[in-house]
Amino acid sequence: MTQRSQHARRRAPRLVLLAAAGLLAVGSATAATITLNETGSSLLYPLFNLWVPAYTRAHPEVQINTASTGSGTGIAQSIEGLVQFGASDAYLSDAQMKKNPEMLNIPVAISSQMINYNLPGLNNVHLKLNGTVVAGMYDGSVRYWDDAALKKLNPGVALPHDLIVTVHRTDGSGDTFMFSQFLSFTDKTWEQKVGYGTSVNWPAVPGAIGANGNPGMVSAVKSTPYSVAYIGVSFQGQTDKDGLGEAMLQNRAGNFVMINETTVPAAAAAMVPKTPRDERISMIYAPGAESYPIINYEYVMVKSRQPNAETASEIKKFLRWAVSTEGGNSLQFLKQVNFLPLPASARALTLQQINQIH
Amino acid sequence: MRPGDALFRVIVTAFAALIPLILLALLAFLVHDSWPALRFNGIEFFTRNAWNLGNQYGNPVTVRGEQVMPGASFAILFLIVGTLASSLIALLLAVPLGVGAAVFLAEAVPPRIRTYASLLVELLASVPSVVFGLWGYVVLIPFLSRHVYPHMARWLGFIPFFGPPSGSGYGLLTAGIVLALMCVPLIAANLREAIENTPQELREAGLAVGATRFEVVRKIVLPRLRLPLIGVSTLALGRALGETMAVLMISGNALNILPQNIYSPISTMASFMVSQLDSALQDPTNMAIYGIAEIGLALLLLSLLVNALARLLVPRSLSA
């Protein structure tokens with residue numbers, strides 16, 4: 001507390017302060033005429049939590065509630081109309097679109113995913129991994145950290161003879177979608193046996209752990225030596241703080257790359273021109289010498305037809321702000337969660353989709 | 001009968017009928033909601049390890065007359081094993097501890113402190129399960145996986161299911177221990193009352209024929225506890241079977257795999273329903289949701305079965 005406010009507090013009788021606070025609360029409650037609700041992806045949740053206070057400060061007539069529940073809940077509740085924004089790391093499947101043709105898949109940013117591990121003594125070494133080896137770890141064909149396949153990718157690294165503990169998400173998750181898609185695109189056996197989705201049929205590997213949400217993944221890897229996991233980039237600050245290892249991944253061109261300011265935009269640049277009008281596209285395993293292999297659009301699911309014109313116009317206003325470079329897509333927000341802004345051509349498609357809300 | 005009495009009778013009967021009606025309504029609702037899954041899965045639901053939502057990005061196909069995603073199958077043997085095994089371990093640990101605590105509280109603690117000590121035990125019984133789960137997650141798992149399980153695997157490896165690998169700490173035994181800690185206060189609090197209800201004459205008679213205090217406890221008090229013990233163990237088992245949050249946090253959430261030893265990750269029916277609900281909501285054919293309703297139905301029937309078995313045990317122990 002500052003010197004001045006302390007003085008003020010001493011001088012002003014408590015009752016008056018209380019009354020003033022009460023009036024303020026009433027004032028702000030009556031100012032918000034419309035309430036919008038967001039729920040879904042735990043990866044997108046930190047960004048929404050940065051956006052909402054900034055936006056509602058400038059637009060006191062709107063109140064936006066956010067919740068981190070998981071992409072599946074985001075999708076289901078936006079389809080049912082319980083929430084206006086359903087956050088999801090994965091786009092809707094063809095079957096879901098056929099069932100719910102009024103749903104829009106609106107990208108608001110570009111995200112990426114790390115593969116992290118906890119190898120005592122080796123966490124400062126960026127191990128080289130490719131999709132086949134990671135698929136092997138998760139399907140049980142690569143059991144020990146000193147497996148021949150791992151040694152071949154990492155000559156000179158003293159890999160220990162310890163059992164690999166794989167960690168995967170138990171909840172339905174866009175991160176699982178991205179990860180299993182990376183494995184499907186790089187490993188034929190994985191594609192045939194497991195495939196991809198927000199929740200997949202994890203091969204039965206003894207000792208494999210299921211964790212809940214990105215925070216659960218981070219703490220499971222941190223507390224379990226010799227474990228490996230896939231974690232959304234908005235949790236990079238946490239994984240760095242906990243001293244977890246981060247892998248270099250082999251991209252389509254055969255190079256080993258990590259998430260940085262070159263590799264993620266390179267992958268986005270390769271995939272954005274291929275984005276269709278409804279923007280449902282996988283950006284996993286993009287071509288290009290520098291492309292990082294696991295990136296995706298972060299989606300907000302919105303019903304094109306809203307119950308009334310006022311709600312529709314407030315939703316449009318918020319989304320236009322969210323994707324504008326002066327608003328939600330500015331680096332002051334995105335940098336904090338390590339997301340990338342939408343490239344110009346993707347933004348144009350997104351604005352076209354936003355215009356369909358009525 | 002006066003009209004007031006008649007009215008009272010009707011009201012009381014209605015309230016009494018409400019409880020079995022709720023149970024019936026629950027059953028009816030679960031059967032209704034899981035009906036497509038019951039037809040699609042058949043008996044294999046209980047005999048195989050195959051919970052698979054299928055290819056969610058494919059197009060729905062018709063199998064056995066039901067719309068499902070390609071490759072979908074729903075079978076939960078591993079959940080039934082995980083649920084029963086963790087609850088059984090919990091009970092094996094909790095019953096001796098609970099009985100010991102109850103005897104200690106009722107017989108060994110000075111009367112002045114007894115009230116407070118008992119109050120503490122009863123307070124423990126009302127701690128929300130998620131707090132136990134959090135404690136297990138933050139404190140117990142790192143401790144057990146580093147300092148206890150590796151030694152157990154090394155020295156007790158000759159016992160089946162106790163050998164290495166000692167795992168990550170998330171798993172069957174950890175779940176059993178935390179569940180046991182949740183059950184101990186329940187057992188102790190109930191048994192303490194039962195012990196205190198032992199007629200004073202019986203104790204005095206025992207002492208009069210020259211029994212020591214320990215012999216009185218062993219030969220007079222404990223045998224009388226058999227009936228309340230069965231009752232309270234059933235309650236505790238019910239709590240363990242249905243426990244959701246704590247198990248979700250510490251079990252390791254294994255999928256489609258049976259535990260290879262007592263350190264292995266498992267999953268239970270209740271916690272699996274919570275963890276899979278989100279993915280199930282994305283199934284455009286809704287079969288995954290029906291499947292989860294079927295797990296709910298199976299869990300309800302399992303609990304009823306366990307309760308019924310406990311009831312069957314009671315008359316036999318009375319005659320013994």
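Two strands pair if DSSP finds at least two bridges between them. Keep that in mind for this tour of a predicted model.

**Stop 1: strands in chain A**

Select strand E1 (residues 34–40) and strand E3 (residues 85–88) of chain A. These two strands pair in the parallel sense, over three bridges. Now pick A:Gly40; opposite this residue, in E3(A), stands A:Ala87.

For one of the positions, click A:Ile34, whose bridge partner in E2(A) is A:Val62.

**Stop 2: where the chains touch**

Show both chains. Here 32 residues of chain A are in contact with 29 residues of chain B. On the chain A side, select helix H4 (71–80), helix H5 (94–99) and strand E7 (209–211), each of which supplies at least two residues. What classes of residue make up the side of chain A that touches chain B? There are 18 polar, 11 nonpolar and three charged residues.

**Stop 3: the largest nonpolar core**

Select B:Cys183 and B:Ile187. Within the largest nonpolar core, which has 179 residues, these two have the most contacts. Then show helix H5 (residues 172–196) of chain B, which gives the most to this core, with 17 residues.

Finish on B:Cys183. Leaving aside neighbours within four places in sequence, B:Cys183 is in contact with B:Ala90, B:Ala94, B:Ala236, B:Arg239 and B:Ala240.

Notes: Residues numbered from 1 in each chain as written. Chains lettered and ligands numbered in written order. Predicted model: local features only at pLDDT ≥ 70, side-chain atom pairs only at ≥ 80, totals over all residues. Contact = placed C-beta atoms within 7 Å. Helix = DSSP H or I, 4+ residues; strand = E, 2+ residues; numbered from the N terminus. Nonpolar A, V, L, I, M, F, W, Y, C, P; charged D, E, K, R; others polar. Core = buried A, V, L, I, M, F, W, Y, C linked by C-beta atoms within 7 Å. Buried ≥ 20, exposed ≤ 12 C-beta atoms within 10 Å, placed from the backbone.
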